[in-house]
Amino acid sequence: MSQFEQDSLQLTDRPVNLYRDRSTRCAACGHEQRFDPEWFVRWECQGEVCPGCGVDCTEEKATRVICEPDDPALDDSLVPKLSWWHTSTYEDWPSPDFNPAARLTDLARQRMGEPMIARWVGSQRAKALHVGTYESAIHNMLRRMRDQPEAGRRFFLYRVQLRADVTILGGCHEEPGDWLGDVPLTKVCPSELDVFRYENQHEDKGSISLALGRGAIQSVQQLALPVEDVERPAWWTDAVDRMSVASQTLPAPGTPVGPLAQLRRPGWAVSSPVAEVQNDLRMELTSHLPGTLRGAAEAAIRIDATLTPTEWCSLAAAVLQPLNDPAAVMQAARASAPRTVSTESL
Ligand SMILES: [Zn+2]
């Protein structure tokens, strides 16, 4: 593995390739083939079928992405030597004092009531943590940037070092939990196990992720996104200029403004010349991405004419920088001081 980068933690970063082909196997007929990202976009729109049996994505038994047989994460002895990645809006992940209720609004608190809040906090704290490839962590961030309540929050990228002596359930399993990956830790990692390994079907499809408890983590390196000391992207100045010009332009007659305009979905209808420019920019800035990430990246760059041009560029950079310049972002994470994660149980 000499071609991989190593650091003082002696962790191995796997190379990133967002455009790589993925291996698949058809659950209906067993046909195996590798496809490029654009094939999967067409597949999800019923524009492709299994070349073996003609089944499309609407069938329960259909083509599924499978992990690569030479993935180093399949080797138990290599798992603790690899870097693992996670993204979160929490600055102190994985905190022993994780309290999701701290972010509830007063209105949400009133609606839920204290007993329900206590139950919800308990279930949130009992959930397994997930770590995976750099690509899967970034893809997960894109999905959450688009959704309330995390849209608009700053995201942190974590480079995770596992304990050297973690016990791993043999084999590679199906993704546990619901589509959000929510699963109680005790369900996937009973007391004698630290790590449950699974094949990712949603983010960086076909990559291997791990469900684990806080106690399986030795240390983390933390990085706020976007990384500010990386050179500004080439598009920044032009984007600021275009938004500044647009901000001097009056909205077209009949365009909804004020609170009504804010209710509109991003990209659906734009409500001001600035929003129109932002919409054009985000399409231009994401057009080169692989089809499997393009939509998620576009949706993560929200249209918000109330932001200054610089604020909007910073938001767009937080989305685009990890995709366009993974080497620089990984290097910045690698250079961060490790924080030891306590093994005290919750
Ligand atoms: Zn088939």
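Q: Before we look at the sheet, what makes two strands pair here?
A: Two strands pair if DSSP finds at least two bridges between them. Keep in mind that this is a predicted model.

Q: Thanks! So what's the strand order in the open sheet of four strands?
A: The order is β6-β8-β11-β12, and the pairing is antiparallel.

Q: Which ones are the edge strands?
A: Those are β6 (84–88) and β12 (339–340), each of which pairs on one side only.

Q: How many bridges join β6 to β8?
A: Five, with the two strands running antiparallel. To pick out one of the partners, tryptophan 84 is bridged to valine 160 in β8.

Q: Switching to helices: where does α10 bend?
A: Helix α10 (residues 309–324) bends at alanine 318, by about 35°. Proline 322 follows within four residues of that point.

Q: Which residues of α10 are buried?
A: Quite a list, including Trp312, Cys313, Leu315, Val319, Leu320 and also Pro322.

Q: And what do the buried residues of α10 pack against?
A: Their partners are the strand β8 (156–162) and the helices α4 (134–146), α6 (236–247), α8 (273–286), α9 (291–300) and α11 (326–335).

Q: You mentioned α6 and α8. At roughly what angle do their axes cross?
A: Roughly 155°, and the axes come within 8 Å. Angles over 145 degrees count as roughly antiparallel, so α6 is roughly antiparallel to α8.

Q: Is that crossing left-handed or right-handed?
A: The crossing of α6 and α8 is right-handed.

Q: Last one: which residues meet there?
A: From α6, Ala239, Arg242, Met243, Ala246 and Ser247 meet Pro273, Val274, Glu276, Val277, Gln278 and Leu281 of α8.

Technical notes:
Residues numbered from 1 in each chain as written. Predicted model: local features only at pLDDT ≥ 70, side-chain atom pairs only at ≥ 80, totals over all residues. Bend = angle between axes of the 7 residues up to and from the residue. Buried ≥ 20, exposed ≤ 12 C-beta atoms within 10 Å, placed from the backbone. Contact = placed C-beta atoms within 7 Å. Axes fitted to C-alpha atoms, helices over the stretch in contact; angles between N-to-C directions. Parallel < 35°, antiparallel > 145°, perpendicular 65-115°, else oblique. Left-handed = near helix turned anticlockwise from the far one by under 90°.
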